[in-house]
Amino acid sequence: MNYSESKEKSAEILRAVIGQMARHDASFNPVTFAVWYEHLAGINPGLSEALNGAIARLGRLGDDSMRQLFDAHVAPPEHQVMNQVAERFQKTMTGMSDSATRTGQDAGKFGEQLSRLAQALESPDVDTLSPHIVQARENASEMRQSAQALERQVAQSRQEIAALQAELGRVRQEALLCPLTRVLNRRGFDQTLQAILDGGTEADKTHCLVMLDIDHFKKVNDTHGHVMGDRVIQAMGEVMRACVTGQNGTSLARYGGEEFAVLLPDTPIHVAESVAENIRQKVKALKMRNRQTQEVVLTFTVSAGVTRVAQGDKPDTLIARADSALYQSKQNGRDRVTCV
């Protein structure tokens with residue numbers, strides 16, 4: 001879920017959401033709020049269509065209806081995929097369990113038949129032996145078929161489980177990316193930064209962090225609309241990727257809203273400053289055009305703050321120091337890089 005409404009606009013939507021929630025039976029919880037918010041903000045057409053249809057059918061909506069709408073239209077894709085994977089895994093395990101049960105039952109019958117055959121072999125009456133041998137032969141054939149079926153089921157289940165594991169890996173990876181820019185999202189950034197700090201720093205090496213913020217981004221949205229705002233965010237991600245080509249181990253992230261981060265492990269601070277300056281210059285040279293007329297409608301700039309990991313740094317102390325440098329860039333006129 002990516003919400004870019006201004007504080008004033010979101011407050012207006014909030015008032016409308018509360019009014020709608022009061023008209024229905026669902027609880028006042030985050031699920032219900034998210035459904036109504038996305039509907040009233042006009043940012044989820046599929047949800048709005050489903051919601052209006054549900055109201056037309058049911059009148060007043062309860063918790064079950066809201067949960068269904070949330071799962072189908074609001075929940076992030078990885079949440080939905082995880083549910084699908086769980087269902088497929090359950091189906092796979094059920095199939096294997098059923099096959100194993102059938103094989104166990106066949107083995108039980110075969111065991112009983114063998115016991116009867118053993119008793120017949122001990123009997124002096126030879127005439128009773130023949131039917132038991134025939135039955136044992138038939139049961140042995142059934143047992144062999146059952147065991148082969150179980151073997152095929154196990155092999156198929158292994159393939160399915162391997163596919164599910166691959167799918168889960170892909171979903172986990174997707175969950176760490178910003179869908180708009182394809183760089184790390186905040187969760188991915190936090191995990192990567194913690195891993196870098198946990199790894200420590202050698203005496204002759206250092207790690208650096210660059211924080212960047214698009215200047216006057218609210219004005220971009222207010223003047224040109226959220227579609228252009230999204231294009232600016234996407235362009236920022238593309239510039240960042242282009243500027244770190246060849247920088248081994250570098251991680252790019254959309255920290256939140258219009259703020260971005262570059263993590264540069266084992267990198268001298270003057271190199272990190274150079275990377276930030278390169279991004280700043282390339283962003284400034286960008287020209288956002290009208291896709292129909294190719295007329296230049298917008299240019300924008302970024303401000304940046306650069307710092308390096310100090311002894312005893314935690315994620316919050318490192319980020320605070322980079323943010324402080326970024327704030328200095330903003331205070332000194334924007335469109336510049338400050339290194340601390």
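The predicted model holds 2 aromatic pairs (rings of Phe, Tyr and Trp, the last by its six-membered ring, with centres within 6.5 Å; planes under 30 degrees apart count as stacked, over 60 as edge-to-face and the rest as tilted). The rings of Phe33 and Tyr37 have centres 5.8 Å apart and planes at 35 degrees, so this pair is tilted. Both residues lie in helix 2, residues 30–41. They are 4 residues apart, about one turn of the helix. Helices (H or I, at least four residues) and strands (E, at least two) are DSSP runs numbered from the N terminus. Phe33 is partly exposed, at 30% relative accessible area, whereas Tyr37 is buried, at 9%. Buried means under 20% relative accessible area, exposed over 50%, and partly exposed in between, with a 1.4 Å probe and protein chains only.

Phe189 and Tyr255 form an edge-to-face pair. Their ring centres are 5.3 Å apart, with 90 degrees between the planes. Phe189 belongs to helix 7 (residues 186–198) and Tyr255 to strand 2 (residues 251–256), so the pair ties together parts 66 residues apart in sequence. Phe189 is buried, with a relative accessible area of 0%. Tyr255 is also buried, at 13%.

Residues are numbered from 1 along each chain as its sequence is written. As the model is predicted, local features need pLDDT of at least 70 and side-chain atom pairs count only at pLDDT 80 or more, while totals for chains, interfaces and linings use all residues; side-chain values use heavy atoms, leaving out hydrogens and water.

Helix 7 also packs with helix 11 (residues 315–331). The angle is about 110 degrees and the axes are 10 Å apart. Axes are lines fitted to C-alpha atoms, for helices over the stretch in contact, and angles run from 0 to 180 degrees between N-to-C directions. Helix 7 is therefore roughly perpendicular to helix 11 (65 to 115 degrees; under 35 counts as roughly parallel, over 145 as roughly antiparallel and the rest as oblique). Helix 7 contributes Phe189, Leu193, Gln194 and Leu197 to the contact, and helix 11 contributes Pro315, Leu318 and Ile319. Contact means heavy atoms within 4.5 Å. The residues of this contact divide into 6 nonpolar, 1 polar and no charged. Ala, Val, Leu, Ile, Met, Phe, Trp, Tyr, Cys and Pro count as nonpolar, Asp, Glu, Lys and Arg as charged, and the others, Gly among them, as polar.

An open sheet is formed by 5 strands in the order 2-3-1-6-7, with mixed pairing. Strands pair if DSSP finds at least two bridges between them. Strand 2 and strand 7 (337–339) are the edge strands, each pairing on one side only. The twist averages 20 degrees from one strand to the next. Strand 1 (residues 208–214) pairs with strand 6 (residues 302–308) in the antiparallel sense, over 7 bridges. Leu209 has Thr307 of strand 6 as its bridge partner. Helix 9 (residues 226–243) lies across strand 1, strand 2, strand 3 (259–264) and strand 6. Helix 9 runs at about 15 degrees to strand 3.

Leu51 lies in helix 3, residues 45–58. Leu51 is buried, at 0% relative accessibility. Beyond its neighbours within four places in sequence, Leu51 is in contact with Val35, Trp36, His39, Leu61, Met66 and Leu69. Leu51 and Leu69 are 18 residues apart in sequence and 7.1 Å apart in space, C-alpha to C-alpha.

The chain comes to 11 helices and 7 strands. Buried residues make up 37% of its 340 residues.
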